[in-house]
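Let us read a protein model together. Take it one feature at a time.

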Amino acid sequence: MSPTNGAADGTASSNAAYGKKPFKRSRSHFADRITADGRDGWPVEAGRYRLVVSRACPWANRTMISRRLLGLEAALSLAITDPIQDDRSWRFTLDPEDRDPVLGIRYLSEAYDARETGYPGGVSVPAIVDVPSGKLVTNDFQQITLDFATQWTALHREGAPDLYPVALREEIDTVMEDVYQDVNNGVYRSGFAPDQETYEKACRALFRRLDGVTERLSDQRYLVGESITEADIRLFTTLVRFDPVYHGHFKCNLWKIAENPVLWAYARDLYQTPGFGDTVDFDHIKRHYYQVHTGVNPTGIVPLGPDLTGWLAPHGRERLGGRPFGDGTPPGAVPPGEEVPPAGRPVPRH
(Lines give C-alpha, C1' and ligand atoms only; values in the text may rest on other atoms or scores of the structure.)
Protein backbone atom coordinates (compact mmCIF):
# COMPACT_ATOMS: atom_id res chain seq x y z
CA MET A 1 0.00 0.00 0.00
CA SER A 2 1.08 3.56 -0.39
CA PRO A 3 2.14 5.81 2.49
CA THR A 4 -0.59 7.09 4.78
CA ASN A 5 0.18 9.78 7.30
CA GLY A 6 3.82 8.79 6.87
CA ALA A 7 3.07 5.43 8.47
CA ALA A 8 1.97 2.82 5.97
CA ASP A 9 4.92 0.61 6.69
CA GLY A 10 2.65 -1.95 8.28
CA THR A 11 4.40 -1.95 11.65
CA ALA A 12 2.44 -2.92 14.72
CA SER A 13 2.46 0.64 16.06
CA SER A 14 1.23 2.25 12.82
CA ASN A 15 -1.42 -0.41 12.24
CA ALA A 16 -2.82 0.12 15.72
CA ALA A 17 -2.95 3.87 15.02
CA TYR A 18 -5.39 3.53 12.11
CA GLY A 19 -8.68 5.15 13.03
CA LYS A 20 -7.07 7.49 15.56
CA LYS A 21 -6.50 10.44 13.19
CA PRO A 22 -7.87 11.56 9.80
CA PHE A 23 -6.53 9.65 6.83
CA LYS A 24 -4.11 11.45 4.53
CA ARG A 25 -2.23 9.72 1.74
CA SER A 26 1.36 10.90 1.48
CA ARG A 27 3.01 11.65 -1.83
CA SER A 28 5.46 9.04 -3.07
CA HIS A 29 8.94 9.93 -1.82
CA PHE A 30 10.77 7.98 -4.50
CA ALA A 31 9.31 9.43 -7.69
CA ASP A 32 12.06 8.58 -10.19
CA ARG A 33 10.70 7.35 -13.50
CA ILE A 34 11.84 4.47 -15.66
CA THR A 35 11.65 5.93 -19.16
CA ALA A 36 12.57 5.14 -22.73
CA ASP A 37 15.22 7.87 -22.71
CA GLY A 38 16.45 7.16 -19.17
CA ARG A 39 16.09 10.82 -18.19
CA ASP A 40 16.17 9.98 -14.46
CA GLY A 41 19.02 7.52 -14.84
CA TRP A 42 16.71 4.52 -15.14
CA PRO A 43 16.26 3.48 -18.79
CA VAL A 44 13.66 0.92 -19.80
CA GLU A 45 15.56 -2.34 -20.08
CA ALA A 46 14.28 -5.90 -20.21
CA GLY A 47 15.26 -7.97 -17.18
CA ARG A 48 16.81 -5.13 -15.22
CA TYR A 49 13.98 -4.36 -12.80
CA ARG A 50 11.74 -6.29 -10.42
CA LEU A 51 8.18 -5.27 -9.56
CA VAL A 52 7.35 -5.91 -5.90
CA VAL A 53 3.65 -6.17 -5.06
CA SER A 54 1.20 -7.36 -2.49
CA ARG A 55 -1.84 -9.04 -4.00
CA ALA A 56 -3.84 -7.42 -1.20
CA CYS A 57 -3.05 -3.85 -2.23
CA PRO A 58 -5.27 -2.08 -4.79
CA TRP A 59 -2.44 0.22 -5.88
CA ALA A 60 -0.14 -2.75 -6.48
CA ASN A 61 -2.96 -4.64 -8.21
CA ARG A 62 -3.06 -1.86 -10.81
CA THR A 63 0.53 -2.58 -11.78
CA MET A 64 -0.13 -6.31 -12.02
CA ILE A 65 -3.09 -5.77 -14.35
CA SER A 66 -1.22 -3.30 -16.55
CA ARG A 67 1.81 -5.60 -16.72
CA ARG A 68 -0.41 -8.52 -17.81
CA LEU A 69 -2.42 -6.56 -20.38
CA LEU A 70 0.71 -5.07 -21.96
CA GLY A 71 2.62 -8.35 -21.92
CA LEU A 72 5.52 -7.12 -19.82
CA GLU A 73 5.86 -10.34 -17.81
CA ALA A 74 9.05 -11.48 -19.52
CA ALA A 75 10.63 -8.02 -19.35
CA LEU A 76 9.71 -7.18 -15.74
CA SER A 77 9.84 -9.93 -13.14
CA LEU A 78 7.35 -10.08 -10.28
CA ALA A 79 7.86 -10.49 -6.53
CA ILE A 80 4.82 -11.17 -4.36
CA THR A 81 4.96 -10.39 -0.65
CA ASP A 82 3.17 -12.02 2.23
CA PRO A 83 -0.17 -10.24 2.80
CA ILE A 84 0.52 -10.18 6.53
CA GLN A 85 3.24 -7.79 7.62
CA ASP A 86 5.44 -7.86 10.71
CA ASP A 87 7.34 -5.02 12.40
CA ARG A 88 9.55 -4.58 9.32
CA SER A 89 6.62 -4.40 6.92
CA TRP A 90 6.38 -6.25 3.60
CA ARG A 91 8.24 -9.55 3.77
CA PHE A 92 9.04 -12.38 1.37
CA THR A 93 7.87 -15.25 3.55
CA LEU A 94 6.02 -16.85 0.63
CA ASP A 95 9.38 -17.68 -0.96
CA PRO A 96 11.85 -20.46 -0.02
CA GLU A 97 13.98 -19.55 3.00
CA ASP A 98 11.85 -16.39 3.38
CA ARG A 99 13.92 -14.54 0.78
CA ASP A 100 13.06 -13.13 -2.60
CA PRO A 101 14.87 -15.46 -5.03
CA VAL A 102 16.01 -12.64 -7.33
CA LEU A 103 16.81 -9.81 -4.93
CA GLY A 104 18.02 -12.07 -2.13
CA ILE A 105 16.34 -9.96 0.55
CA ARG A 106 13.92 -10.88 3.31
CA TYR A 107 12.14 -7.51 3.56
CA LEU A 108 11.27 -4.88 0.97
CA SER A 109 12.67 -2.32 3.44
CA GLU A 110 16.15 -3.58 2.55
CA ALA A 111 15.74 -2.18 -0.99
CA TYR A 112 14.54 1.12 0.49
CA ASP A 113 17.56 1.22 2.80
CA ALA A 114 19.88 0.49 -0.12
CA ARG A 115 18.48 3.55 -1.89
CA GLU A 116 18.32 5.93 1.08
CA THR A 117 19.66 5.09 4.53
CA GLY A 118 17.36 6.21 7.30
CA TYR A 119 14.44 7.01 5.00
CA PRO A 120 11.75 8.20 7.45
CA GLY A 121 8.64 7.22 5.51
CA GLY A 122 6.71 4.00 5.13
CA VAL A 123 7.71 1.00 3.04
CA SER A 124 5.03 0.79 0.40
CA VAL A 125 4.00 -1.27 -2.59
CA PRO A 126 4.00 -1.22 -5.53
CA ALA A 127 7.75 -0.75 -5.71
CA ILE A 128 10.19 -1.28 -8.55
CA VAL A 129 13.71 -2.37 -7.59
CA ASP A 130 16.86 -2.23 -9.71
CA VAL A 131 18.11 -5.82 -9.67
CA PRO A 132 21.86 -5.17 -10.24
CA SER A 133 22.15 -2.63 -7.40
CA GLY A 134 19.33 -3.88 -5.18
CA LYS A 135 18.11 -0.29 -4.83
CA LEU A 136 14.53 0.91 -4.89
CA VAL A 137 13.85 2.92 -8.05
CA THR A 138 10.31 4.15 -7.50
CA ASN A 139 7.22 3.71 -5.36
CA ASP A 140 5.19 6.28 -7.30
CA PHE A 141 1.95 4.32 -7.55
CA GLN A 142 0.26 7.03 -9.63
CA GLN A 143 2.95 7.16 -12.32
CA ILE A 144 4.18 3.57 -12.65
CA THR A 145 1.28 2.26 -14.74
CA LEU A 146 1.19 5.39 -16.92
CA ASP A 147 4.85 4.76 -17.71
CA PHE A 148 4.15 1.09 -18.42
CA ALA A 149 1.66 2.27 -21.06
CA THR A 150 3.73 5.07 -22.59
CA GLN A 151 7.44 4.47 -21.85
CA TRP A 152 7.73 0.69 -22.03
CA THR A 153 6.18 0.42 -25.51
CA ALA A 154 9.29 -1.15 -27.06
CA LEU A 155 8.78 -4.14 -24.75
CA HIS A 156 5.00 -4.47 -25.14
CA ARG A 157 3.70 -7.74 -26.52
CA GLU A 158 2.31 -7.88 -30.04
CA GLY A 159 -1.36 -6.95 -29.78
CA ALA A 160 -0.97 -4.97 -26.53
CA PRO A 161 -3.88 -2.57 -26.00
CA ASP A 162 -3.42 1.19 -25.78
CA LEU A 163 -4.37 1.83 -22.16
CA TYR A 164 -3.69 5.57 -22.27
CA PRO A 165 -4.58 6.76 -25.78
CA VAL A 166 -3.44 10.30 -26.58
CA ALA A 167 -6.81 11.41 -27.92
CA LEU A 168 -8.58 10.44 -24.69
CA ARG A 169 -5.99 11.41 -22.08
CA GLU A 170 -7.67 14.60 -20.92
CA GLU A 171 -10.94 12.79 -20.27
CA ILE A 172 -9.18 9.80 -18.72
CA ASP A 173 -7.24 12.09 -16.38
CA THR A 174 -10.42 13.87 -15.26
CA VAL A 175 -12.27 10.63 -14.58
CA MET A 176 -9.29 9.12 -12.76
CA GLU A 177 -8.84 12.17 -10.54
CA ASP A 178 -12.49 12.13 -9.45
CA VAL A 179 -12.35 8.39 -8.79
CA TYR A 180 -9.04 8.75 -6.95
CA GLN A 181 -10.26 11.45 -4.58
CA ASP A 182 -13.67 10.04 -3.68
CA VAL A 183 -13.46 6.29 -4.36
CA ASN A 184 -9.88 4.99 -4.28
CA ASN A 185 -9.04 7.25 -1.33
CA GLY A 186 -12.63 7.62 -0.13
CA VAL A 187 -12.85 4.08 1.20
CA TYR A 188 -9.74 4.74 3.32
CA ARG A 189 -10.97 8.09 4.58
CA SER A 190 -14.15 6.34 5.67
CA GLY A 191 -12.44 3.33 7.19
CA PHE A 192 -9.76 5.24 9.08
CA ALA A 193 -11.99 8.13 10.18
CA PRO A 194 -11.39 9.07 13.84
CA ASP A 195 -14.86 10.53 14.45
CA GLN A 196 -18.44 10.38 13.20
CA GLU A 197 -18.39 13.64 11.26
CA THR A 198 -15.24 12.76 9.32
CA TYR A 199 -16.59 9.30 8.55
CA GLU A 200 -19.97 10.52 7.33
CA LYS A 201 -18.44 13.20 5.09
CA ALA A 202 -16.10 10.70 3.43
CA CYS A 203 -18.68 7.94 3.14
CA ARG A 204 -21.33 10.21 1.59
CA ALA A 205 -18.80 11.59 -0.91
CA LEU A 206 -17.80 8.02 -1.80
CA PHE A 207 -21.34 6.94 -2.58
CA ARG A 208 -22.16 10.16 -4.44
CA ARG A 209 -19.21 9.44 -6.71
CA LEU A 210 -20.26 5.81 -7.12
CA ASP A 211 -23.73 7.03 -8.11
CA GLY A 212 -22.11 9.25 -10.76
CA VAL A 213 -19.98 6.40 -12.04
CA THR A 214 -23.08 4.20 -12.18
CA GLU A 215 -24.85 6.75 -14.36
CA ARG A 216 -21.82 7.00 -16.64
CA LEU A 217 -21.60 3.21 -17.04
CA SER A 218 -25.31 2.64 -17.51
CA ASP A 219 -25.08 3.08 -21.28
CA GLN A 220 -21.39 2.54 -22.04
CA ARG A 221 -19.28 -0.51 -21.36
CA TYR A 222 -16.11 1.27 -20.22
CA LEU A 223 -15.39 4.53 -18.44
CA VAL A 224 -13.79 6.34 -21.38
CA GLY A 225 -14.09 5.37 -25.03
CA GLU A 226 -14.90 1.98 -26.47
CA SER A 227 -12.10 -0.02 -24.84
CA ILE A 228 -10.40 -0.66 -21.52
CA THR A 229 -8.18 2.19 -20.36
CA GLU A 230 -6.15 3.09 -17.31
CA ALA A 231 -9.33 4.59 -15.83
CA ASP A 232 -11.04 1.18 -15.74
CA ILE A 233 -8.02 -0.45 -14.11
CA ARG A 234 -8.02 2.13 -11.31
CA LEU A 235 -11.72 1.83 -10.57
CA PHE A 236 -11.74 -1.96 -10.78
CA THR A 237 -9.14 -2.52 -8.05
CA THR A 238 -11.36 -0.69 -5.57
CA LEU A 239 -14.60 -2.29 -6.74
CA VAL A 240 -13.22 -5.83 -6.51
CA ARG A 241 -12.28 -5.20 -2.85
CA PHE A 242 -15.46 -3.37 -1.96
CA ASP A 243 -17.82 -6.09 -0.78
CA PRO A 244 -15.12 -8.37 0.73
CA VAL A 245 -13.49 -5.65 2.85
CA TYR A 246 -14.58 -2.03 2.38
CA HIS A 247 -18.29 -2.63 2.98
CA GLY A 248 -17.77 -4.19 6.41
CA HIS A 249 -14.24 -3.44 7.57
CA PHE A 250 -14.31 0.21 6.44
CA LYS A 251 -18.04 0.76 7.13
CA CYS A 252 -18.74 1.74 3.52
CA ASN A 253 -22.11 0.10 3.84
CA LEU A 254 -24.83 2.25 2.31
CA TRP A 255 -25.03 -0.53 -0.25
CA LYS A 256 -22.91 -3.32 -1.67
CA ILE A 257 -21.53 -3.36 -5.19
CA ALA A 258 -23.49 -6.59 -5.68
CA GLU A 259 -26.66 -4.59 -4.95
CA ASN A 260 -25.94 -2.11 -7.76
CA PRO A 261 -26.85 -3.84 -11.04
CA VAL A 262 -24.70 -1.57 -13.22
CA LEU A 263 -21.52 -1.57 -11.14
CA TRP A 264 -21.84 -5.26 -10.31
CA ALA A 265 -22.13 -6.19 -13.99
CA TYR A 266 -19.26 -3.82 -14.90
CA ALA A 267 -17.01 -5.27 -12.18
CA ARG A 268 -17.81 -8.84 -13.27
CA ASP A 269 -17.16 -7.94 -16.89
CA LEU A 270 -13.66 -6.76 -16.03
CA TYR A 271 -13.02 -9.59 -13.55
CA GLN A 272 -13.76 -12.11 -16.31
CA THR A 273 -11.48 -10.28 -18.77
CA PRO A 274 -7.99 -11.87 -19.02
CA GLY A 275 -5.51 -9.74 -17.09
CA PHE A 276 -7.97 -8.65 -14.40
CA GLY A 277 -9.47 -11.50 -12.37
CA ASP A 278 -6.37 -13.64 -12.84
CA THR A 279 -4.45 -11.12 -10.69
CA VAL A 280 -6.99 -10.96 -7.85
CA ASP A 281 -6.42 -13.00 -4.68
CA PHE A 282 -9.44 -12.66 -2.39
CA ASP A 283 -7.70 -14.64 0.34
CA HIS A 284 -4.76 -12.22 0.47
CA ILE A 285 -7.12 -9.25 0.32
CA LYS A 286 -9.27 -10.36 3.23
CA ARG A 287 -6.46 -11.55 5.46
CA HIS A 288 -4.44 -8.38 4.96
CA TYR A 289 -7.17 -5.89 5.74
CA TYR A 290 -8.75 -7.74 8.65
CA GLN A 291 -5.55 -8.98 10.28
CA VAL A 292 -3.18 -6.06 9.68
CA HIS A 293 -5.44 -3.09 10.49
CA THR A 294 -5.58 -3.83 14.21
CA GLY A 295 -6.63 -0.27 15.00
CA VAL A 296 -9.86 -0.92 13.09
CA ASN A 297 -10.28 -4.64 13.74
CA PRO A 298 -8.46 -5.41 17.01
CA THR A 299 -9.61 -9.06 17.16
CA GLY A 300 -8.05 -9.87 13.78
CA ILE A 301 -11.02 -12.07 12.93
CA VAL A 302 -11.41 -12.63 9.17
CA PRO A 303 -15.05 -13.02 8.06
CA LEU A 304 -16.09 -16.08 6.11
CA GLY A 305 -18.06 -14.16 3.48
CA PRO A 306 -19.06 -12.91 1.11
CA ASP A 307 -19.87 -15.68 -1.36
CA LEU A 308 -17.50 -15.16 -4.30
CA THR A 309 -19.19 -17.37 -6.89
CA GLY A 310 -21.15 -14.41 -8.27
CA TRP A 311 -17.95 -13.09 -9.83
CA LEU A 312 -18.20 -15.89 -12.38
CA ALA A 313 -21.84 -15.25 -13.34
CA PRO A 314 -22.73 -13.85 -16.78
CA HIS A 315 -22.63 -10.04 -16.82
CA GLY A 316 -24.46 -9.15 -20.04
CA ARG A 317 -22.34 -6.07 -20.72
CA GLU A 318 -21.55 -7.24 -24.26
CA ARG A 319 -24.86 -5.70 -25.34
CA LEU A 320 -23.30 -2.27 -24.87
CA GLY A 321 -20.72 -2.99 -27.57
CA GLY A 322 -17.14 -1.93 -27.15
CA ARG A 323 -13.98 -3.92 -27.71
CA PRO A 324 -12.10 -4.79 -24.51
CA PHE A 325 -8.63 -4.58 -26.10
CA GLY A 326 -9.40 -2.13 -28.89
CA ASP A 327 -7.33 -3.08 -31.93
CA GLY A 328 -5.28 -5.41 -29.74
CA THR A 329 -5.72 -8.92 -28.43
CA PRO A 330 -6.13 -10.60 -25.03
CA PRO A 331 -3.00 -11.34 -23.03
CA GLY A 332 -1.61 -14.86 -22.97
CA ALA A 333 -1.74 -17.37 -20.15
CA VAL A 334 -0.63 -16.39 -16.66
CA PRO A 335 3.09 -17.17 -16.34
CA PRO A 336 4.00 -20.23 -14.24
CA GLY A 337 4.35 -19.33 -10.60
CA GLU A 338 2.13 -16.26 -10.85
CA GLU A 339 -1.21 -18.04 -10.72
CA VAL A 340 -3.59 -17.07 -7.92
CA PRO A 341 -3.80 -20.03 -5.50
CA PRO A 342 -7.16 -21.84 -5.26
CA ALA A 343 -7.87 -20.28 -1.84
CA GLY A 344 -7.97 -16.85 -3.44
CA ARG A 345 -10.33 -17.63 -6.33
CA PRO A 346 -14.10 -18.13 -6.59
CA VAL A 347 -15.12 -21.77 -6.87
CA PRO A 348 -17.64 -22.43 -9.66
CA ARG A 349 -20.92 -24.00 -8.59
CA HIS A 350 -21.73 -27.39 -10.12
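Q: How many bridges join strand E3 to E4, and do the two run parallel or antiparallel?

A: Strands (E, at least two residues) and helices (H or I, at least four residues) are DSSP runs, numbered from the N terminus. Two strands pair if DSSP finds at least two bridges between them. Here three bridges join E3 (residues 127-130) to E4, and the strands run antiparallel. Val129 has Leu136 of E4 as its bridge partner. A word on the source: this is a predicted model, where local features need pLDDT of at least 70, side-chain atom pairs count only at pLDDT 80 or more, and totals for chains, interfaces and linings use all residues. Residues are numbered from 1 along each chain as its sequence is written, and side-chain values use heavy atoms, with hydrogens and water left out.

Q: In what order do the four strands form the sheet?

A: The order is E2-E1-E3-E4, in an open sheet with mixed pairing. Strand E2 (77-80) and strand E4 (135-138) are the edge strands, each pairing on one side only. From one strand to the next, the twist averages 35°. Angles run from 0 to 180 degrees between N-to-C directions, with axes fitted to C-alpha atoms, for helices over the stretch in contact.

Q: Which strands does helix H2 touch?

A: Contact means heavy atoms within 4.5 Å. Helix H2 (residues 58-70) packs on the sheet and touches E1 (49-53) and E2. The direction of H2 makes about 130° with that of E1.

Q: What caps the N-terminal end of H7?

A: Look for a polar contact: a pair of N or O atoms within 3.5 Å, where within protein one must be able to donate a hydrogen and the other to accept it, and residues adjacent in sequence count only if both atoms are side-chain atoms. Asp195 is the cap, with a side-chain oxygen 3.2 Å from the backbone nitrogen of Glu197.

Q: Is Asp100 buried or exposed?

A: Buried means under 20% relative accessible area, exposed over 50%, partly exposed in between (1.4 Å probe, protein chains only). Asp100 has 1% relative accessibility, so Asp100 counts as buried. Asp100 lies in the loop between E2 and helix H3 (109-115). Its side chain reaches the backbone nitrogen of Leu103 at 2.6 Å.

Q: Where does Asn253 lie?

A: Asn253 lies in the loop between H8 and H9. Asn253 is partly exposed, at 42%.
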